[in-house]
Amino acid sequence: MSGDFLPEGTLRGLPGPLPAGERILWQGAPTTGGALIRIYHARLVAAWFAACALAFGLSAGSPAAALSTVGPTLVVGAVGLALLRLFAWLTHRTTVYTITNRRVVLQAGIALPVTHNVPFAQIEGAALRAFTDGSGDLPLQLRPGLRIAYLQLWPHARPWRLGRTQPMLRSVPDADAVAMVLARAIEAHAEVSQTVRPMIVPRPRAVQDNPGRLVAAE
């Protein structure tokens, strides 16, 4: 959705002006480094080209032949990693995650921005997967019967959950603080609507140094 067609007063990252009584609690985006490693898997790509270069070098009959095969392989690998870093930066620049006191909004798309609204009433559960650099993933489990196509969400979806897709705030900085903002917003919304809602449980101190641990919502 182009900004030229948005109503006047629309804030960045939102599909339209905020209704009365709704306010933004947090906005952010995936870190470039997190997108590079966890979305575009730069480490695996680098390892693949390094393994190919090593295999070509060992199978070459002479040092000159090894150089003629290993060199181009490493150059192609470097170009590929540079492209992945460009995509990671573009993902960071074009993505806006928004948490309000009523919903989560995911706006993303390098070529064509798409906005997904996830009201708290549609969220059955949430979780925090924290990493050692302080960033983390926050997947949102939708209530039964609600589904967003995986390809529409990717890369802002929990990996490998194809049957029941989960929108996910990926590699957000200071993930602990963001998780607390979301948990308190869901809890406050539940009190106002007089319904039971899940909330994100902060990571216990004992697991803060355990990268990639998923803390399920209660």
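Hi everyone, let's begin with a strand pair: β2 and β3 run antiparallel and are joined by 4 bridges. Strands here are DSSP runs of E with at least two residues, helices are runs of H or I with at least four, and both are numbered from the N terminus. Two strands pair if DSSP finds at least two bridges between them.

A quick word on the model. It is predicted, so local features need pLDDT of at least 70 and side-chain atom pairs count only at pLDDT 80 or more, while totals for chains, interfaces and linings use all residues. Residues are numbered from 1 along each chain as its sequence is written, and side-chain values use heavy atoms, with hydrogens and water left out.

Back to the sheet. What is the strand order? The sheet is open, has 4 strands, and reads β1-β2-β3-β4 with antiparallel pairing. At the edges sit β1 (24-28) and β4 (114-119), each pairing on one side only. From one strand to the next, the twist averages 15°.

Now the helices. The axes of α2 (residues 42-59) and α3 (residues 63-94) come within 8 Å and cross at roughly 175°. Those axes are lines fitted to C-alpha atoms over the stretch in contact, with angles running from 0 to 180 degrees between N-to-C directions. So α2 is roughly antiparallel to α3, a label for angles over 145 degrees. Contact means heavy atoms within 4.5 Å, and the residues that meet include F49 and F56 in α2 and L74 and L81 in α3. By class, this contact has 13 nonpolar, 4 polar and no charged residues; Ala, Val, Leu, Ile, Met, Phe, Trp, Tyr, Cys and Pro count as nonpolar, Asp, Glu, Lys and Arg as charged, and the others, Gly among them, as polar.

Next, the cores. A nonpolar core is a set of buried Ala, Val, Leu, Ile, Met, Phe, Trp, Tyr and Cys residues joined through side-chain atoms within 4.5 Å. Buried means under 20% relative accessible area, exposed over 50%, and partly exposed in between, with a 1.4 Å probe and protein chains only. The largest core has 26 residues, of which V104, L138 and L169 touch the most other members. Its largest share, 6 residues, comes from α5. Another core, of 7 residues, lies apart and includes A35 and Y40.

Last stop: D176, in helix α5. Its relative accessible area is 28%, so D176 is partly exposed. The C-alpha atoms of D176 and A130 are separated by 7.7 Å, although these residues are 46 apart along the chain. Thanks, everyone!

Terms used: Parallel < 35°, antiparallel > 145°, perpendicular 65-115°, else oblique.
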